[in-house]
Amino acid sequence: MVFKKWRHTRPFFGSILTVLSGLMILWVPLNLYLSTFLPGSVAVIGLLFGGLITLMGLMSFFLPSASKALGIIVIFLSVLSVIGALGGFLFGTIFGIIGGALLTAWRMVPAQESAGAPVADAAAQPAKTG
C-alpha cells in the first residue's frame, strides 16, 4: 500500500522506461569497449548520452516536479544517441522517446479532483498523479 501511494506521487512508468532506455543505449558502447576509447571514436558520445538518460530517469523518481524539463531533455538525448550508440539498436531511442513523452505529460492532480468529488481547497489536499 505504501509503494502504491509512493508510485502515484511521481512519474513511475516514464521513469522506468527512461532508465531502461539509458541502459539499452549504454549497452552498445560498453560492448565495443576496445574501440570506444580510441582517438576519433564517436562511441564515447554513446556512453555520455546513455549515462545522462539513465541519470535523468533516476532524477525523475526523486524530483517529480522537474519531470517536464527532464522529459524534454530525455527526448532530445534519445534522438541524438543514434549518432554514438546506434540508439541502443533503436530500441533505446524508441523507449527514450516514449519515456520522455510520459515524463513531459505527467502532472500532479489533487486527490479529490481525481476521485471526481468537488474541490474545495485543492492546495490543502494531498497530491495524486493523473
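Among contacts in the chain with a separation of 6 or more, 64% join residues 24 or more positions apart. Contact here means heavy atoms within 4.5 Å. The model is predicted: local features need pLDDT of at least 70, side-chain atom pairs count only at pLDDT 80 or more, and totals for chains, interfaces and linings use all residues. Residues are numbered from 1 along each chain as its sequence is written, and side-chain values use heavy atoms, with hydrogens and water left out.

The chain holds seven helices and two strands. Helices (H or I, at least four residues) and strands (E, at least two) are DSSP runs, numbered from the N terminus. The order from the N terminus is α-α-α-α-α-α-β-α-β. Of the 130 residues in the chain, 35% are buried. Buried means under 20% relative accessible area, exposed over 50%, and partly exposed in between (1.4 Å probe, protein chains only). The accessible surface of the chain comes to about 7,500 Å². Carbon and sulfur atoms contribute 78% of that surface. Accessible areas come from the Shrake-Rupley method with a 1.4 Å probe; for residues, only the protein chains shown count as cover.

Packed helix pairs were examined next. Two packed helices are described by the angle between their axes and the distance between the axes. Axes are lines fitted to C-alpha atoms, for helices over the stretch in contact, and angles run from 0 to 180 degrees between N-to-C directions. The axes of α2 and α4 come within 8 Å and cross at roughly 160°. The two helices, α2 and α4, are therefore roughly antiparallel. Angles under 35 degrees count as roughly parallel, over 145 as roughly antiparallel, 65 to 115 as roughly perpendicular and the rest as oblique. The crossing of α2 with α4 is left-handed. A crossing is left-handed if the near helix is turned anticlockwise from the far one by less than a right angle, and right-handed if clockwise. On the α2 side, the contact includes F12, S15, V19, G22, L23 and L26. On the α4 side, it includes G46, L47, G50, G51, I53 and T54. By class, the residues of the contact of α2 with α4 divide into 14 nonpolar, ten polar and no charged. Ala, Val, Leu, Ile, Met, Phe, Trp, Tyr, Cys and Pro count as nonpolar, Asp, Glu, Lys and Arg as charged, and the others, Gly among them, as polar.

Two residues show this contact in detail. L26 lies in helix α2 (residues 12-31). L26 counts as buried because its relative accessibility is 16%. Beyond its neighbours within four places in sequence, L26 is in contact with G46, L47, G50, G51 and T54. T54 belongs to helix α4 (residues 43-62). With a relative accessibility of 13%, T54 is also classed as buried. T54 is in contact with V19, G22, L23 and L26, neighbours within four places in sequence left aside.

Helix α4 also packs against helix α5 (residues 67-89). Their axes come within 8 Å and cross at roughly 160°. Helices α4 and α5 are therefore roughly antiparallel, and α4 passes α5 in a left-handed crossing. Residues of α4 in this contact include A43, F49, L52, M56 and M59. Those of α5 include L70, I73, L77, L80 and G84. The contact of α4 with α5 has 13 nonpolar, five polar and no charged residues.

The axes of α5 and α6 come within 7 Å and cross at roughly 175°. That angle makes α5 roughly antiparallel to α6. The contact of α5 with α6 has eleven nonpolar, eleven polar and one charged residues.

G88 is found in helix α5. It is buried, with a relative accessible area of 6%. G88 is in contact with M24, I25 and V28, leaving aside neighbours within four places in sequence. The C-alpha atoms of G88 and S21 are separated by 7.7 Å, although the two residues are 67 apart along the chain.

Most residues other than glycine have a negative phi. F89, in helix α5, has a positive phi of about 55°. F89 is partly exposed, at 46% relative accessibility. L90 has a positive phi of about 70°. L90 lies in the loop between α5 and α6 (91-105). At 47% relative accessibility, L90 counts as partly exposed.
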